[in-house]
Amino acid sequence: MKLIAEIGQAHDGSLGNLLSMVRKLCSLRVDIVKLQHHIADAESSEYEQFRKKFSVQDPTRRAYWRRMEIPLEVMREIKSMVEAAGKQFLCTPFSLRAVDELETIGVDSYKIGSADVGNRLLLRRIAETGKPVIISSGTKDEAAMDSAIELLRPVVASLTIMHCTSAYPTPLNSVDLLGIDRLRARYELPVGLSDHSGLIWPTVFALGHAATHAEVHFTWSRDQFGPDTTSSLTADEIETIADAIAAWKSTHDSVGDSEVATELERVRTVFTRSVRLRKALAVGEEVSLTHLECFKPSGIGIDTQAAELLLGRRARQSADAGTVLTAELVQEVFGT
């Protein structure tokens, strides 16, 4: 599973905060650092009412988007920072102009948000690039998703679907991890999880559904100001997810058969047993369980399975208590 950390609007328009968040994510065990590219005049208008009054700073939603814009030169710098840290840079464009700008800085892949699954013009512009695409299914519009997949699949380098529920935060009983399986069966494409629950569990449990990617939002603290902080995870929580991914991989990695056999043989030697006489055995005496004692490790004397075959047999010569029953001694005492 590739872990995507999304900053989204958590920087709240502060470029200093944004750069600090990017640096932090570059130090975490995430595979992909993701931003959003907003151009207020290209994507919004005075008529947009969604979340209009959540901030006293912004008289309109368009004013909010203007404050949230990341200058292209800063976006370019962040891309370089992320790639220098050995991670992939990913960005969601919210307008045709945003795609044009991202192309100038050489992004190598795109994320399409769930609200734009039905945006045919944006889909076509991204399709023109031919680059890998990750697309979210949050609005659950199957007809729009079918159409988007039909448009993108033949022309982009790769296509991944992210199962998502567009609720902020998403209640656990609305995450619906089985949606990962349904999307995979419907489209026969790689499927991941884009989670907005503000909890680590959906991403951890998505490992059991063979999710190829997991996207979570990052915040310094859920007490931080912003519309999405309750849907986000802290650095420590992201690291916990990275621990879970590493552990899951380790428990599913297969070492070679020879290595397994060698290790099991070592374990058998340590924990299985050899056999010796617990009490002396006289000539002609019949062997019973009272004569035998099992001790660790194996390989010193015969094993318990071989010793079991001696029960009821009569000794041809005597043997003292404590005598280890080696194969040679058994031959001498009991014959063939």
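Visitor: Where is Ile78?

Guide: Ile78 sits in helix α4. Keep in mind that this is a predicted model.

Visitor: Is Ile78 buried or exposed?

Guide: Ile78 has a relative accessible area of 0%. That is under the 20% cut-off, so Ile78 counts as buried.

Visitor: What does Ile78 touch, leaving aside neighbours within four places in sequence?

Guide: Ile78 is in contact with Leu18, Leu19, Val22, Leu35 and Phe89.

Visitor: How many residues apart in sequence are Ile78 and Leu18?

Guide: They are 60 residues apart in sequence. In space, the C-alpha atoms of Ile78 and Leu18 are 9.2 Å apart.

Visitor: What about the helices, then? At what angle do α1 and α4 pack?

Guide: The angle between α1 and helix α4 (residues 72-84) is about 15°, and their axes are 10 Å apart. Angles under 35 degrees count as roughly parallel, and α1 and α4 are therefore roughly parallel to each other. Their crossing is right-handed.

Visitor: Which residues make that contact?

Guide: From α1 come Leu15, Leu18, Leu19, Val22, Arg23 and Cys26. From α4 come Val74, Glu77, Ile78, Met81 and Val82. By class, the contact of α1 with α4 has nine nonpolar residues, no polar ones and two charged ones.

Visitor: Why give both an angle and a distance?

Guide: Because the angle between the axes and the distance between the axes are what describe two packed helices.

Visitor: Another pair, please. How do α6 and α7 pack?

Guide: Helix α6 (residues 120-129) packs on helix α7 (residues 142-152) at about 25°, with the axes 10 Å apart. That angle makes α6 roughly parallel to α7. The crossing of α6 past α7 is right-handed.

Visitor: And which residues meet there?

Guide: On the α6 side they are Arg120, Leu123, Arg124 and Ala127. On the α7 side they are Ser147, Ala148, Leu151 and Leu152. Sorted by class, the contact of α6 with α7 has five nonpolar, one polar and two charged residues.

Visitor: Changing topic to loops. Where is Ser137?

Guide: Ser137 is in the loop between β5 (133-136) and α7. With a relative accessible area of 7%, Ser137 is buried.

Visitor: What lies 3.4 Å from a polar atom of the Ser137 side chain?

Guide: The backbone nitrogen of Cys164 does. Not counting residues up to four places away in sequence, Ser137 touches Ser114, Met145, Ile161, Met162, His163, Cys164 and Leu183.

Visitor: And Thr219, where is that?

Guide: Thr219 is in the loop between β8 (213-217) and α10 (235-252). Thr219 counts as buried, at 0% relative accessibility.

Visitor: What does the side chain of Thr219 reach?

Guide: The side chain of Thr219 reaches the backbone oxygen of Ser221, at 3.0 Å. Beyond four places in sequence, the residues Thr219 touches include Met21, Gln224, Thr229 and Ala235.

Visitor: Now the backbone. Which peptide bonds are cis?

Guide: One of them runs from Tyr168 to Pro169, with omega near -5°. Pro169 is in the loop between β6 (159-164) and α8 (178-187). The bond from Lys296 to Pro297 is also cis, with omega near 0°. Pro297 lies in the loop between β10 (292-295) and α12 (304-308).

Visitor: Why point those out?

Guide: Because most peptide bonds are trans, and most residues other than glycine have a negative phi.

Visitor: So which residues other than glycine have a positive phi?

Guide: Asp12 is one of them, with phi near 55°. Asp12 is found in the loop between β1 (2-6) and α1 (15-27). Asp176 also has a positive phi, near 55°. Asp176 is in the loop between β6 and α8.

Visitor: How accessible is Asp176?

Guide: Asp176 has 31% relative accessibility and counts as partly exposed.

Visitor: Last one: Leu102. Where is it, and what is it in contact with?

Guide: Leu102 is in helix α5 (residues 96-104). Leu102 is buried, with a relative accessible area of 0%. Leaving aside neighbours within four places in sequence, Leu102 is in contact with His37, Met75, Cys91, Pro93, Val107 and Tyr110.

Methods: Residues numbered from 1 in each chain as written. Predicted model: local features only at pLDDT ≥ 70, side-chain atom pairs only at ≥ 80, totals over all residues. Heavy atoms only, no water. Axes fitted to C-alpha atoms, helices over the stretch in contact; angles between N-to-C directions. Helix = DSSP H or I, 4+ residues; strand = E, 2+ residues; numbered from the N terminus. Parallel < 35°, antiparallel > 145°, perpendicular 65-115°, else oblique. Left-handed = near helix turned anticlockwise from the far one by under 90°. Contact = heavy atoms within 4.5 Å. Nonpolar A, V, L, I, M, F, W, Y, C, P; charged D, E, K, R; others polar. Buried < 20%, exposed > 50% of the residue type's maximum accessible area, 1.4 Å probe, protein only. Polar contact = N/O pair within 3.5 Å; in protein donor to acceptor, adjacent residues only side chain to side chain.
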